[in-house]
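Please refer to the sequence and structure below while reading.

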Amino acid sequence: MNSHQAILGKLQKRKIAAKTRKRGYHSGSRKSHKFGSSMEFSDFRAYQPGDDIRQIDWNVYGRTQKHYIKRFLDEQELSIAVYLDATSSMTKIQQKWEYAKALASALSFMVLSSEDRLFFSPVSSAGVQPIKRKGSVYSRRTFMEIQKLNLQLSPQTFWAVLKKLFLNISSLL
C-alpha cells in the first residue's frame, strides 16, 4: 500500500494535456482558449451594440467614461475513455497484464484528479461493467479497483470484443 501512496503522490502532480479540445456540455476545471463565464478573468474589450449590458464593467466606465465588457476564460471538462485488454492475449508475456493494469490505473487516476470525466472498461467477453466517474473524490478508489482486476480468459481477440462493445454502446444511444 505504501508504494501505491508514493505513486499516487507523483501522479497527482501530473496533468493530461489535450491538443484539440471539443466543447463539452459541462463546465470543468480545464482552462479553454475560448471565452465564457467563469471566475477566471481574461481581459476587457470595447462594448459593441448588441452586447449584453449586464456584462459592462461599470467601475471602468466610471474611470474612463467608455463602456468595456469583462471577458472570462471558459472552463471545460474532457471526457476520456480508457480500454484495458483483458483477453487471453495478455497471458502470453508474464508481466504484460500487470503493466497494462498499472498504466490504465495511472491514466484513470490522472483523469479523475483533474476533475475530468472517465469511462473505463476492461475489454473481455466476461461482461464486466464499465466504470463511469467524474471528480477527484473517486480517483483513489478507481485506481485501487483497477489494480485489483483479475484477468478473465477469453477465446476472442481484443478487437473482436471491442467491436462488440462499441456496437452495444451505439445501440443504447
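## Packing of H3 and H4

The crossing of H3 and H4 is right-handed. In this predicted model, helix H3 spans residues 96-113 and helix H4 spans residues 139-147, and the two pack with their axes 9 Å apart at an angle of about 165 degrees. Since angles over 145 degrees count as roughly antiparallel, H3 and H4 are therefore roughly antiparallel to each other.

On the H3 side, the contact is made by Lys101, Ala102, Ala104, Ser105, Ala106, Ser108, Phe109, Leu112 and Ser113. H4 contributes Ser139, Arg140, Thr142, Phe143, Ile146 and Gln147. By type, the residues of this contact are seven nonpolar, six polar and two charged.

Lysine 101 is buried, at 5% relative accessible area, whereas glutamate 98 is partly exposed at 40%.

## Other salt bridges

The count of salt bridges comes to five. One of them joins the side chains of arginine 45 and aspartate 51, at 2.9 Å from N to O. Arginine 45 has 25% relative accessibility and so counts as partly exposed; aspartate 51, at 19%, counts as buried.

Another links arginine 54 to aspartate 52, whose closest N and O atoms lie 3.0 Å apart. Arginine 54 is exposed, with a relative accessible area of 72%, while aspartate 52 is partly exposed at 32%.

How values were computed: Residues numbered from 1 in each chain as written. Predicted model: local features only at pLDDT ≥ 70, side-chain atom pairs only at ≥ 80, totals over all residues. Heavy atoms only, no water. Axes fitted to C-alpha atoms, helices over the stretch in contact; angles between N-to-C directions. Helix = DSSP H or I, 4+ residues; strand = E, 2+ residues; numbered from the N terminus. Parallel < 35°, antiparallel > 145°, perpendicular 65-115°, else oblique. Left-handed = near helix turned anticlockwise from the far one by under 90°. Contact = heavy atoms within 4.5 Å. Nonpolar A, V, L, I, M, F, W, Y, C, P; charged D, E, K, R; others polar. Salt bridge = Lys/Arg side-chain N within 4 Å of Asp/Glu carboxyl O. Buried < 20%, exposed > 50% of the residue type's maximum accessible area, 1.4 Å probe, protein only.
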